[in-house]
Amino acid sequence: MTRLHCSLSVPLLGLVLLCSPWVAAADEPPPWALLEEAPGPDLPPHGRSLFDALVTVADPAGGSARTEIPFPFERLLDRVREQLDTEASSMGGLVPVLIPIGRSLQRNAAAPDYFHSPRIVVAVTGEPRSITAPLFKDRLYIGYHAQAAVLEIISYNEALGRFEFQVVKNYRAGAVPELYYMKRSICMACHQNQAPIFSRPLWSETNGNPDIATRLAAARDAFDGITARRDIDAPAAIDAATDRANLFAFYQRVWTEGCAVNGPVDCRASLLNAVMQFRLSGRQGYADDGARAVKDVLAQWRQRWPQGMRLPNPDLPNRDPFLTTTAAAREVVVDAQTDPLLTRPPLATRTFDDETDLLALIDGLSGFFAEADIRALDTLLFSAPVQADVQQQRLNCQYNAVRADDTRARLDLRCSATDSKRAFELEGRIYMKGGRFDRGLIDRLRVQREVYRNIELRPAATAATSPAEFELWRDDLHLRLSDGNSLARIAFEDFPNGAVAGASSGAAIIDVRTDYAPLKQALMASIGDGGVAADTPLYRANIMPPLLQRLGARKADTCC
């Protein structure tokens, strides 16, 4: 969505309209980060909401798909959980709160028995279970009021780069639920950021408030599977999720318009390269060669938005409902100071001043890819049939064996290399049981100026013949440097088995496997694809399939 600045020229042969990408004047106020400050059409002109993807069921006979909204509410949440990596997600990836006396359009539906039918608000904060599952994280929010038999849904339209606002009516037993897109101009009266909103701490309307939790528990232990007990972590998690979601419009505008001044395709390829190095290295950073290219992008952003961009505000003032509404009142009273209709000033103004701002932007853009996507790329790179170049680094090590009992011992190790172009230092622990490896952890590894922590040691494929040889893992990824290349293996020489306590010395060999190059080549080969070349939102379903396919994946589809 590139904005153009146009002017008239009068050459000899007639009038000519000259257009160039729009660049803000230094004395103009900062623009809003929203791609469109107007609400936009109620029905998405293309793409669909993630909630649509959730409730659309394919016909096994090959006919038309149908909409199926599970009831009761617990079954709907189960449908969401089926798509999540619940074991790896904090709080199971689904975060609910109970709000009996709130500020929603359904706030009076349960009057005067507010605590017998509170509104439930659920945010998805978990990662998808696979590359084919939808990326619901921070992108799907459901409000449910049983008394009103209404679902209110805010979910992301990835193809359009905006949140959609929908409602389900007749959501009750024995009825046929009806799903609608809402009139956006009505929603934007409160959702002035065109995204989810939530209150600031202390979240006094929710069951994070001990008074609210006590009254809810007196009415019932749980509501649709959501416990009534006090939970301060849940509203904090929803608040954090809405804060992250609020920045999507900013990142999308940088992606779609920020590369429009010079070389949009190469610009976006440079951004994607930095994003992939950032994610594969565990958000450690990105390489110098990528940094130079991305710094050119930063200069474009400074030229385009010299005063930065104003961020819309997702934060409502905290409200204690008991200050304005009694527990048995027939109408909820919302005072003017906490009314969501009150116009909110910008949350902040984001600038493009230095590399700290740039790193934050790379981090934000990287959030449009799932952890499953990054794991798939890591696996393909590490297992590529073409052998990558391997550079070996020798380190001098000091071991200290500490025996716990006759069968168990801990080996503390410190290793370093002082005669290398790359300085290495590591500190770690290996636990032995019955003279065999049990588990191992490198607490700290320094490579030049980069420091990595909490690295898991896993026996390498050759461990049967070389028991002191390990692969290095962190957060279920092979350990990778900021240039994307993996530290593939570490092998310890003269390694004690822990049978005898005391100090000894040895050496370690670290293999640096330069296996990132295929991904960079795939990125460069993808720059002609629509997901990179067109001025369209950053959308994983446009980016990931061609990358996976070029890296040899058998299944290259991503949702949705």
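Helix α2 (residues 73–81) buries Phe 73, Leu 76, Leu 77, Arg 79 and Val 80, where buried means under 20% relative accessible area with a 1.4 Å probe and protein chains only. These buried residues span an arc of 150 degrees when viewed down the axis of α2, so they line one face of the helix; the arc is taken from the directions from the helix axis to the C-beta atoms. The model is a predicted one, in which local features need pLDDT of at least 70 and side-chain atom pairs count only at pLDDT 80 or more, while totals for chains, interfaces and linings use all residues. Residues are numbered from 1 along each chain as its sequence is written, and side-chain values use heavy atoms, without hydrogens and water.

Turning to the strands, an open sheet of six runs in the order β5-β6-β7-β8-β9-β10 with antiparallel pairing. Here β5 (94–99) and β10 (178–181) are at the edges with a single partner strand each, so one side of each lacks a neighbour in the sheet. Helices (H or I, at least four residues) and strands (E, at least two) are DSSP runs, numbered from the N terminus, and two strands pair if DSSP finds at least two bridges between them. Between β7 and β8, the antiparallel pairing extends over six bridges, and His 145 has Val 150 of β8 as its bridge partner.

Notes
Buried < 20%, exposed > 50% of the residue type's maximum accessible area, 1.4 Å probe, protein only.
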